[in-house]
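Here's a quick tour of a structure to read alongside the 3D view. Keep the chain letters in mind as you go.

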Number of protein chains: 4
Amino acid sequence: MAALEAVGYGQGWKENNIGHEPAYCFTDPDDHNLEIYYETEWYDPPEHLCPALKNQASRYPDHVIGLRRIDHINLLAADVRATRIFMEELLGMRVTEQVIFDDGSEKAAWLTATNKSYDVAIAEDWTGTKGRLHHVTYAVDSREAILRAADLCLEHNVFMETGPHKHAIQQTFFLYVYEPGGNRFEIANAGARLILAPDWKPIIWSEEERKKGQAWGLPTIPSFHQHGTPFVERANATPDD
Amino acid sequence: MAALEAVGYGQGWKENNIGHEPAYCFTDPDDHNLEIYYETEWYDPPEHLCPALKNQASRYPDHVIGLRRIDHINLLAADVRATRIFMEELLGMRVTEQVIFDDGSEKAAWLTATNKSYDVAIAEDWTGTKGRLHHVTYAVDSREAILRAADLCLEHNVFMETGPHKHAIQQTFFLYVYEPGGNRFEIANAGARLILAPDWKPIIWSEEERKKGQAWGLPTIPSFHQHGTPFVERANATPDD
Amino acid sequence: MAALEAVGYGQGWKENNIGHEPAYCFTDPDDHNLEIYYETEWYDPPEHLCPALKNQASRYPDHVIGLRRIDHINLLAADVRATRIFMEELLGMRVTEQVIFDDGSEKAAWLTATNKSYDVAIAEDWTGTKGRLHHVTYAVDSREAILRAADLCLEHNVFMETGPHKHAIQQTFFLYVYEPGGNRFEIANAGARLILAPDWKPIIWSEEERKKGQAWGLPTIPSFHQHGTPFVERANATPDD
Amino acid sequence: MAALEAVGYGQGWKENNIGHEPAYCFTDPDDHNLEIYYETEWYDPPEHLCPALKNQASRYPDHVIGLRRIDHINLLAADVRATRIFMEELLGMRVTEQVIFDDGSEKAAWLTATNKSYDVAIAEDWTGTKGRLHHVTYAVDSREAILRAADLCLEHNVFMETGPHKHAIQQTFFLYVYEPGGNRFEIANAGARLILAPDWKPIIWSEEERKKGQAWGLPTIPSFHQHGTPFVERANATPDD
């Protein structure tokens with residue numbers, strides 16, 4: 001907090017939150033509004049949502065997709081490098097993978113504060129706009145759960161942007177969908193992948209490697225580099241990788 | 001029909017059925033009540049159950065277990081052999097697998113009228129009662145769907161008798177549950193297994209092989225040989241594997 | 001055989017085959033070379049490939065992809081309609097699904113001689129060439145097995161043309177790869193889908209429906225309509241659907 | 001280290017290790033030999049094991065079971081409570097779940113030093129012997145991978161003690177096997193389950209809850225409480241669930 005204030009990003013405490021105690025608000029160099037808090041209200045399920053197994057918060061979902069937990073957030077940034085450094089130095093996160101092009105420009109970064117291989121991803125915003133969201137990701141228990149999710153999205157007219165497929169970077173199995181308001185959501189499964197080595201060295205993907213697309217050959221689609229929220233008219237977008 | 005009447009099992013036509021045209025009624029040597037029909041009313045889903053893909057009958061289930069179709073029926077029989085011969089000779093079914101003990105007694109048989117490896121199974125009723133049901137089986141798309149079904153049964157207090165596990169015989173992945181009335185249901189997945197060879201020779205499992213239990217070592221539980229519907233007090237039940 | 005000769009497609013018996021007795025050879029209207037036979041030599045595995053479970057032909061594969069059985073063949077045809085009618089009338093197959101465009105032209109057909117929803121598929125050859133192969137398909141036990149196959153193909157530099165994804169037509173989960181000689185292979189899983197209704201009515205997909213691509217939104221790629229074997233220079237190929 | 005020495009468990013440094021720098025050796029109150037180290041030699045795969053994706057250590061396994069990483073170790077202990085307290089106080093681990101019987105005796109504990117829900121488990125040794133191993137666990141990417149592992153163990157005559165099934169405690173999907181020397185191994189998948197809450201409160205399972213067996217009803221088998229390595233004749237073993 002002192003550190004955030006020292007560099008001018010701190011914005012003070014926000015009281016009266018739903019589900020958690022006061023949160024400290026701040027921005028990053030790309031003007032994303034961020035908050036951190038510690039004290040949380042533990043979920044107390046109503047009678048009909050009490051689980052059969054007491055080591056889970058709520059009843060096993062018998063309907064819809066059955067998301068298990070938030071996995072990570074992906075931020076679009078006009079300046080990936082500055083935002084990445086902020087996450088490392090001010091928030092104490094570790095970089096696990098990066099995309100750095102031949103001219104040295106950082107195109108994307110994945111950082112973690114836990115044993116998950118990433119909690120935050122940062123991707124270049126081709127429109128040059130600051131502070132936008134790329135997507136929020138929820139984890140499910142298996143790749144099969146994602147295939148089932150795709151069938152449900154089909155029946156419910158949920159727009160599927162791309163997937164299911166496997167990322168080369170981080171190797172997560174994914175499906176990207178848009179909610180009615182236009183925000184992109186990812187449903188993902190990382191298998192048994194965790195970063196347990198305290199001395200993990202970041203994996204750097206080159207421009208050429210990035211051009212190969214996803215793990216099994218699916219091309220990365222242009223909208224993936226352009227669509228973010230809030231929506232902006234495409235300004236200085238550049239050719240796709 | 002003529003054949004069934006000739007041997008005294010025919011019972012005549014039943015009219016006014018729900019969902020299908022008149023059915024011909026008959027019994028087998030073990031007094032099970034059976035019916036066959038041809039003309040069926042195709043399901044016409046209401047608006048909210050219309051599927052996104054027109055090659056399926058109804059909407060992809062977004063809740064509960066999501067059974068896809070009936071797979072087979074398993075009949076308890078006081079006389080497995082007589083019932084098996086009836087299915088072969090009168091109904092034109094083919095035997096695909098059998099359990100025959102060292103003394104030559106037939107303990108179970110699996111028969112098919114399609115390319116599924118079995119449409120009907122017959123298992124010895126230890127109580128010596130005729131005409132009982134062992135279970136009805138529904139197919140789901142994957143083994144993963146059965147694991148999910150187990151989680152749902154746990155949450156909904158559905159009694160799980162045994163499984164999920166893999167049968168040695170027929171190699172089906174299974175979960176057995178009881179519905180509130182006490183009838184046993186199986187949820188099963190056969191993977192890619194089909195009997196496509198027109199000259200398939202029945203697989204015979206010996207007493208010793210049967211004693212090994214299920215494919216991965218799960219013992220076959222006693223209730224599996226005793227519990228049937230309608231329920232009867234255990235009479236002359238005998239020890240088994 | 002008499003029927004095939006009567007219409008001039010019969011070509012006589014071929015002796016000295018590997019693994020099966022004499023086969024009757026014939027062509028279809030699109031000049032594909034076809035053979036049928038009945039008597040087959042059952043596989044007798046060597047000691048080290050004997051399975052633990054006697055109801056399977058060979059040991060469960062502990063390596064590579066683990067294909068379970070041939071599923072179907074897909075033929076490119078200059079004239080889909082003529083080939084489809086041949087399969088129905090001469091080979092006694094049933095049509096389960098079709099693509100028919102607004103001008104009445106048949107673009108593709110799926111036919112079966114079993115309870116599988118298709119044993120043969122016929123797709124229009126955009127180059128106008130007769131007698132080519134689109135692909136041969138092997139079935140695996142689960143969709144998860146196909147995802148694993150994709151990981152193995154990636155490691156072994158096997159070209160993956162498209163997938164894994166789910167077909168809208170027939171709803172099969174698929175992955176298309178090329179073997180080193182250029183032939184296309186599909187690895188597929190149909191879940192619990194079978195055509196068990198003897199009075200199944202063909203599903204007709206329109207031009208507009210076909211344009212939607214695969215089930216979850218993956219576009220059908222151009223090579224899918226052009227690449228076949230033997231390879232030919234693209235001649236009168238037409239715009240993609 | 002100083003802390004371990006202060007309580008008399010420290011044993012000094014071990015040099016000349018394979019794959020890692022010097023390790024500090026110590027015991028716990030139950031006489032298990034333990035070591036900790038930091039500096040590790042990163043795996044440098046030979047040419048033929050280089051992975052297609054540079055963010056994994058080695059080639060994706062195209063054969064056998066395909067274990068992905070060590071998941072946890074389970075120690076038998078004559079005194080569960082003392083060993084649990086040692087892990088908490090000396091090694092800084094957090095308890096996530098426990099079995100405590102009605103008389104207050106601790107029967108089992110699960111502790112973590114990461115975001116995995118357990119890195120070490122401690123289970124009561126019914127024979128009263130100190131210092132034994134219950135099992136070592138490897139993680140795989142999916143539950144489906146464990147079902148495949150069971151098929152492979154069946155073909156390779158690997159003894160499967162129990163499973164595949166789902167633990168009520170920790171909810172891990174499991175399969176227990178013995179290697180030829182008699183040590184028990186678990187192959188497990190935890191789905192998306194992680195302990196991300198820094199203020200997680202241990203889940204306490206009572207005697208009655210423990211008696212219910214595994215999540216879907218599989219009884220906990222007696223050998224699970226008796227078999228450990230090194231092997232000892234059953235001495236003062238007591239009845240249990």
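Let's start at one residue: leaving out residues up to four places away in sequence, D:Ile146 touches D:Val140, D:Pro164, D:Phe173, D:Leu175, D:Ile187 and D:Asn189. Bear in mind that this is a predicted model.

**The nonpolar cores**
- D:Ile146 is also among the residues with the most contacts inside the largest nonpolar core, which has 43 residues. Others on that list include B:Leu111, B:Val120 and D:Leu175.
- Chain B gives this core at least two residues from each of β4, α2, β5, β6 and β7, and chain D does likewise from each of α3, β10 and β11.
- Which element supplies the largest share of this core? That's α3(D), with seven residues.
- There's also a second, separate core of 42 residues, and B:Ala139, B:Ile187, D:Ala77 and D:Trp216 are among its members.

**Helix α3 in chain C**
- Why does the length of this helix make sense? With 13 residues (143-155) at 1.5 Å a residue, α3 of chain C should span 18 Å, and its end C-alpha atoms are 19 Å apart, so the two agree.
- Is α3(C) mostly covered or mostly open? It's mostly covered, with 11 of its 13 residues buried, including C:Ile146, C:Leu147 and C:Cys153.
- Those buried residues pack against α3 of chains A, B and D, plus β9, β10 and β11 of chain C.
- Just past the helix, C:Asn157 has a positive phi of about 55°.

**Where chains D and A meet**
- This contact involves 24 residues from chain D and 25 from chain A.
- On chain D's side, there are eight nonpolar, eight polar and eight charged residues.

Key:
Residues are numbered from 1 along each chain as its sequence is written. Chains are lettered from A and ligands numbered from 1 in the order in which they are written. This is a predicted model: local features need pLDDT of at least 70, side-chain atom pairs count only at pLDDT 80 or more; totals for chains, interfaces and linings use all residues. Helices (H or I, at least four residues) and strands (E, at least two) are DSSP runs, numbered from the N terminus. The expected span of a helix is 1.5 Å times one less than its number of residues. A residue is buried if 20 or more other C-beta atoms lie within 10 Å of its own, exposed if 12 or fewer, and partly exposed in between; C-beta atoms are placed from the backbone. Two residues are in contact if their C-beta atoms, placed from the backbone, lie within 7 Å. Ala, Val, Leu, Ile, Met, Phe, Trp, Tyr, Cys and Pro count as nonpolar, Asp, Glu, Lys and Arg as charged, and the others, Gly among them, as polar. A nonpolar core is a set of buried Ala, Val, Leu, Ile, Met, Phe, Trp, Tyr and Cys residues joined through C-beta atoms within 7 Å.
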